[in-house]
There are 2 protein chains.
Amino acid sequence: MNNWLLQKNGWNEQDAASDGNRFLCANGYMGLRGMPEEASSACFPAVTLAGVYDQYQHRWREPVNAPRGLFIRLFFDGQSLALKDTPEKHAAELDCRWGLYRRETDFGPVQVRSERFVSMADCHLMADQYRIQVRQDGDMTLQVGISTDIWDINGPHLFNFLFQTGETLTVDAITGEKKITVATAQEAARDFDADESECRDASGVYRVFRRAVRKGETLTLSAFFAVYTSLDVPDALSAARMCCRKAKAAGYSACLQVHKDAWEQIRARSEMTLEGDDAAALALRVSQYHLNAIAPRHAHSMSIPARGLSGQTYKGAVFWDSEIFFFPMFVYTQPEIARSLLRYRIETLPGALKKAAEYGYRGAFYAWESQEGGEEGCTNFNVVDVFTHRPVRTYFRDKQIHISGDIAYALRSYYDITGDRSLLEEGGAKVILECARFYLSRANGHVDSRAVDFADVIGPDEYHERVTNNAFTNQMIRHCLESALALEEIFADRPGWLASLLADLHYEADWQLLADVRGRIARAAEQNGVIAQFDGYFDLEDCSLDEVRSRLRDPREYWGGDHGVAGTTQIIKQADVIAMMALFPEQFTDRQVAANWSYYEPRTEHGSSLSACMYALTACRIGNMDEAWRLFMKTAQIDVLGGGKQWAGEIYIGGTHPAANGGAWMIAALGFAGLRVRNGRPEIHPNLPRQLFRLRFPITVAGERLTVEITREGGRILRE
Amino acid sequence: MNNWLLQKNGWNEQDAASDGNRFLCANGYMGLRGMPEEASSACFPAVTLAGVYDQYQHRWREPVNAPRGLFIRLFFDGQSLALKDTPEKHAAELDCRWGLYRRETDFGPVQVRSERFVSMADCHLMADQYRIQVRQDGDMTLQVGISTDIWDINGPHLFNFLFQTGETLTVDAITGEKKITVATAQEAARDFDADESECRDASGVYRVFRRAVRKGETLTLSAFFAVYTSLDVPDALSAARMCCRKAKAAGYSACLQVHKDAWEQIRARSEMTLEGDDAAALALRVSQYHLNAIAPRHAHSMSIPARGLSGQTYKGAVFWDSEIFFFPMFVYTQPEIARSLLRYRIETLPGALKKAAEYGYRGAFYAWESQEGGEEGCTNFNVVDVFTHRPVRTYFRDKQIHISGDIAYALRSYYDITGDRSLLEEGGAKVILECARFYLSRANGHVDSRAVDFADVIGPDEYHERVTNNAFTNQMIRHCLESALALEEIFADRPGWLASLLADLHYEADWQLLADVRGRIARAAEQNGVIAQFDGYFDLEDCSLDEVRSRLRDPREYWGGDHGVAGTTQIIKQADVIAMMALFPEQFTDRQVAANWSYYEPRTEHGSSLSACMYALTACRIGNMDEAWRLFMKTAQIDVLGGGKQWAGEIYIGGTHPAANGGAWMIAALGFAGLRVRNGRPEIHPNLPRQLFRLRFPITVAGERLTVEITREGGRILRE
């Protein structure tokens, strides 16, 4: 079996949010949520643009959703044909091979089948082929156009709409905050005659086709939709119009073909083949599809939001997910994308320097939720209390200081895996040094001993705010200082270059401190080989996850912070000590990993999609393959099954889960295959789960394309 | 007018909690809440014992309430005579001159008038004279005895009750946790014939007198009640019985006389006379009465709970109120009591060392809510959320580190005002050194500069938890380190003694750090002359007190912490920067005080009785006498008017307000008279409010008894 299809039969409006995520089409520039063409804004349809942000009033800044240009509505004998909740008359699927969304609906008098894609060949384009099978004679009206009925979480964001009709329908508008033009254009081609007119109302601009239809007829319409913004080109509207016209001239099939070719190339470089379990194989394909679909291939310096392009959740912001969860698949398969993710951090260094200064520190304190230019999108209030409806002060923005170390970690990994130091030369070294400087200024030295604490932080487990000596954070900081010091060896042949960089940064005094402080950073307390997640962790109430869950008074209430049910207990949101062990495997023995795994896993809610993957990776390490498999499936199936947490307090947090998508690759590659790079050379340490008999995937290490193959007999790395 | 009477007409059961506080009788050993003899436990009657604590199950530890030995109930023609809500038929008063509680009730057929006191001459004794005026012929039954129907917040605390009858009624019981015997005995004398019997039921043990009465008759009963515990003497029950018998033998009048004599002596040493405003004069008398009544005159080393002996609120624990708010009146008028308060801290040093060690620090971290032996009574959960009914994690216990400095401050003041260094020799110096050591180990040094922060603390304003560089705290710490260093000068004539103390404490390395660290402690940022209460204070939402109040969803909800309405704004609970300016007047110019006063006063909720007094003191300093007067009256009248906050979340926090009682003396003495001691000599700097024409009060400075007199013409200090 070679199944690439994520399928769903039936229509249920209450699944709309979840289905829109699972059936997402995207190309890194924009995402089109997987809803049928005619879906109203109650079904959360959206065309979400990457890297275009806007603030409405005093609400959170979030990405802009463009008008929806593949809006198609059908009337039969004057009746609008609308989806009704039914298990039989509707089916949708996503073909993950090429990112094709298809739907098929039996409306009674007509049957509709359509296919669409967001072009991987031209990032501004999306196209839809809409086919109507007539079952009964009658009068048919088809409305095709650009809908401006936009679903926003914190909007509206677009103003001063300008509509134009003619051969090309266009809508352009500007954003409220930064006056960015968002221009959209649509063309349609049809294989049938019809009376054609245009209509414009408050909800958009449309072309209307009318004709009498006969039972047995098949009518096909193709729609092409283009989006440009003034961030892309000065005259976005002309560019959008031109893009559409070219696409229409080429025709749907030709556009589809170049799109599929582009996907073939992507898959050739990254596709994992997993044999032995069909559900797992499909889940991995869906995961890889979702992560590949949102990679910023069109951009030189861009990162990926934590919910990808599936909507405005989490402010469309870039989190540590980029460096820790997305980066590994890309650096091993498409290093130019990994490079783009990191260039984004290099270019947004000024924002990080500014944020550190705002808090009274030196160096680079990266945004927890980074938007364009490195602006901090995270506010002081990220949760709404379900009992009082008041915003709750959270400390993600100010205390989750591991973010700077995570970036330095990825920069260092990029060098280790690609062997390419140019990124360090082009600003990466500077970023590492400024991150290290931030930690020097953030350190809490004891005045009566040489110990250095990092107090008042939040680690990966966000349920425990404002803790001291979070083991993960301290380790990330130690590694950051080491990575700064390692620059001396990496650039041993260019000592002048490093010296001049240090001089430019006025880094002399800090350089002297690096080695000294690194050795003084507190090590976490241990109890029976279990590392305390932070100082005092073992003093917290030790109760079961079920017990903590039973204390909820409202299913939507926030678990974290001092008011949350978990905050005063040992129950954690996600891998923390275990994430450290997964990221720094060589620092810990198998025995340590085993002891910590057994302690922390039952105390972990896995309330974040970043959690299971770390537990799975470490489970492979210690040979606990049943758990590894369970957690691999949990990770890989997250966007197959849909669901997941949709609410944090009263805030909608639904969307796709790119971190889990990346995590699935990590578990297979780094866990099942045991891939790592040591001294510039790839190694494998296979741990194939009993459910599988073969795992095969391409990688690129130090510029060389290789194939890893793991079977029950063992593993090998093949040259091409 | 020379009014000593706090009076109230009428009976209203919903005022019972408040009236019980205002009409409290006490003698430092025990307190008797001001409720009529027959009041049921629904009226919160109690005999609260000083320094006897108990824990029931896993609830908070709190002081033990003894059985009530002056319980008297009257029946007429078989009907129990009970108080009913009425404005006319009942009156109560407290005579503050001698601590006498009187009540007068018209029950229709009889009128009852009684008087009672808790003896200042024998701390184990209380007595009641109960007089019945018969208005109508009938049958009367009088029940007199010891009720074991005890009102507890977190009880029950007494078990294994043993009842004895005979000439002396006795009840003894033991506490649940520490098995302390609480023995009570009661005797009654009467001037009328009656059939006498005894009765015992679940609610206590009683003597019952029955007789026919005639209109016009007056019957008088005297009851004597004694309490001893096994902390006082080995055979508490015999001691209690003996105490009662002696009292009965002497008679009510004789007992009253020695009690009054004792009060005369107290007043001779401390009584303030204030002329010009009768309400103010009464309020000041009530305040002085309440603070004098709870002073531990019977003990050598004992402090005073924050709610005095008015009940179990705040766990009967000793707070910084003792050193900052109670201490000044005592050190200036009855230094032996100030000495007892501080000896309590000296003797509980081991508890403070233990608490510091628990948190990973060295030195002395005193309990925020200190119980016997310096045990920390404060838990991690001190508030209950009114919406979820869940306990809320508060940080008073772990972060309110100024407590150690407050104690060092009082120790230093004791020396400065009395000129007596014996207390320093007898452990006080050691306490100061260990407190300073705690701060050395708690300091957060920057590794890249010499600056030292104190991060993650709570200042006096408890609404803002976990702040950095609270100005008050940092100043208190600086002063603590200076006080440690000053020991060298204070003991300049005994260098060997100090050297050997330092050697005993292994203090050499710390001593070297003291001066260095003191000079490195961060100074708060200023904006237009206003000192930031802590780092980032000015970045908080700046909105009005009314605005913040309007955000409450429940009148009982807690304002503080990140979830509270005040926590994320600049609204503060109580004087903080201004408290610092009041306690360290010489560190700040008049202009600084004025600028900070104007900024902070409108932003202060005065949600603590510790607040107004600090604002009043500083208002005197800057000549804002209208505000000083308003805040003096607010402070002094707090237990005249009753009221005040009765709830924090779902926790009852009512009681008397000894800190405000002490504050009233402070405003009058230190504010209106401008009293201070400089180089061992008292000085005055009068600021008499226009409402007054004379203020006169005794003080003792450097062992000499003096009288301060302030009139509109100026002030003088008179030798006796």
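How many bridges join strand β3 (residues 30-32) of chain B to strand β4 (residues 47-55) of chain B? Strands β3 and β4 of chain B are joined by 3 bridges and run antiparallel. The model is a predicted one, in which local features need pLDDT of at least 70, side-chain atom pairs count only at pLDDT 80 or more, and totals for chains, interfaces and linings use all residues. Residues are numbered from 1 along each chain as its sequence is written, while chains are lettered from A and ligands numbered from 1 in the order in which they are written. Helices (H or I, at least four residues) and strands (E, at least two) are DSSP runs, numbered from the N terminus.

Strands count as paired if DSSP finds at least two bridges between them. Strands of a sheet pair through backbone hydrogen bonds, either parallel or antiparallel.

The loop between β4 and β5 of chain B holds Q57(B). Q57(B) is not a glycine, yet its phi is positive, near 50°. Q57(B) is exposed, since 8 other C-beta atoms lie within 10 Å. A residue is called buried if 20 or more other C-beta atoms lie within 10 Å of its own, exposed if 12 or fewer, and partly exposed in between, with C-beta atoms placed from the backbone. In chain A, the loop between β3 (30-32) and β4 (47-55) contains F44(A). F44(A) also is a residue other than glycine with a positive phi, about 55°. F44(A) is buried, because 21 other C-beta atoms lie within 10 Å. Most residues other than glycine have a negative phi, and most peptide bonds are trans.

A cis peptide bond occurs in chain A from G155(A) to P156(A), with omega near 5°. P156(A) sits in the loop between β12 (138-147) and β13 of chain A. In chain B, G155(B) and P156(B) are joined by a cis peptide bond with omega about 5°. P156(B) is placed in the loop between β12 (138-147) and β13 (158-164) of chain B.

In chain A, β13 (residues 158-164) runs antiparallel to β14 (residues 169-175), and 5 bridges join the two strands. Q164(A) has T170(A) as its bridge partner in β14(A). The two strands make a hairpin with 4 residues between them, and G166(A) in the turn has a positive phi of about 120°.

Helix α20 (residues 658-672) of chain B has 15 residues. Its first and last C-alpha atoms are 20 Å apart, close to the 21 Å expected at 1.5 Å a residue. The expected span is 1.5 Å times one less than the number of residues. A kink of about 30° is centred on M666(B). Here the bend is the angle between axes fitted to the seven residues ending at a residue and the seven starting there. α20(B) is mostly covered, with 15 of its 15 residues buried. G674(B) follows α20(B) and has a positive phi, near 65°.

Y332(A) lies in helix α5 (residues 321-333) of chain A. Y332(A) counts as buried because it has 28 C-beta neighbours inside 10 Å. Not counting residues up to four places away in sequence, Y332(A) touches I417(A), A669(A), I699(A) and T700(A). Contact requires C-beta atoms, placed from the backbone, to lie within 7 Å. Q574(B) is in the loop between α14 (545-550) and α15 (577-583) of chain B. Q574(B) has 23 C-beta neighbours inside 10 Å and so counts as buried. Beyond four places in sequence, residues touched by Q574(B) include P460(B), D461(B) and H606(B). Q574(B) and P460(B) are 114 residues apart in sequence and 6.9 Å apart in space, C-alpha to C-alpha.

Between the chains, 25 residues of chain B are in contact with 25 residues of chain A. On the chain B side, α13(B) gives the largest share, 3 residues. A rotation of 180° with 0.0 Å of shift along its axis superposes chain B on chain A (RMSD 0.1 Å). The two copies are thus related as by a two-fold rotation axis. Superposition is by least squares on the C-alpha atoms of residues with pLDDT of at least 70 in both copies. The copies meet through the same surface, because 100% of the interface residues of chain B are also interface residues in chain A.

Key. Two residues are in contact if their C-beta atoms, placed from the backbone, lie within 7 Å.
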